[in-house]
Amino acid sequence: MDLMTKQMLNKLLIWIKEDELVKFYQSGPWRKLRATALRMYGNKCTKCGKKATMVHHKKKVKDYPLLALQLSNVEPQCNKCHNKEHPEKLSKYNQPKFMNEERW
Ligand SMILES: [Zn+2]
Ligand SMILES: [Zn+2]
């Protein structure tokens with residue numbers, strides 16, 4: 001992992017541990033990885049082939065924080081398929097940022 005400093009990684013790990021996932025999802029390293037993953041799959045959902053709108057972690061960030069920034073642990077998906085991956089909750093972390101801001 002050479003695209004970021006150890007300090008940055010530590011900060012991300014602390015955010016994950018403290019349930020500050022919103023900060024993680026807004027961080028530079030995650031955005032970069034997300035963009036790379038989308039490009040790699042041609043912006044297509046890996047489940048159904050439709051347009052991908054988000055990037056899913058195969059192993060949960062919360063359970064495997066060290067895999068949070070591994071390209072092999074993420075896959076682009078559309079909202080519909082992604083909701084099936086997380087039946088227990090709405091994909092609140094993947095809502096566009098303005099949705100949150102609008103609410104306040
Ligand atoms: Zn899909
Ligand atoms: Zn997911």
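Select H56 and H82: both are buried (under 20% relative accessible area, with exposed over 50% and partly exposed in between; 1.4 Å probe, protein chains only). This is a predicted model, where local features need pLDDT of at least 70, side-chain atom pairs count only at pLDDT 80 or more, and totals for chains, interfaces and linings use all residues. Residues are numbered from 1 along each chain as written, chains are lettered from A and ligands numbered from 1 in written order, and side-chain values use heavy atoms, without hydrogens and water.

Now show the zinc ion (ligand 2). H56 (ND1), H82 (NE2) and H86 (NE2) coordinate the zinc ion at 2.0 to 2.1 Å. Donors are N, O and S atoms within 2.8 Å of the metal (3.2 Å for Na, K and Ca); water is not among the atoms, so sites may look incomplete. The spacing along the chain is H-x25-H-x3-H. H56 lies in strand β1 and H82 in helix α4 (residues 79-85), so the pair ties together parts 26 residues apart in sequence. Helices (H or I, at least four residues) and strands (E, at least two) are DSSP runs, numbered from the N terminus.

Next, select β1, residues 54-57. M54 and H56 point one way, V55 and H57 the other; all are buried. V55 stands opposite P76.

Finish on helix α3, residues 28-40. P29, W30, L33, A37 and L38 are buried there. The buried residues of α3 pack against α1 (6-17), α2 (21-25), β1 and β2 (contact: heavy atoms within 4.5 Å). Just after α3, G42 takes a positive phi of about 60°.

Key. Two strands pair if DSSP finds at least two bridges between them. The expected span of a helix is 1.5 Å times one less than its number of residues.
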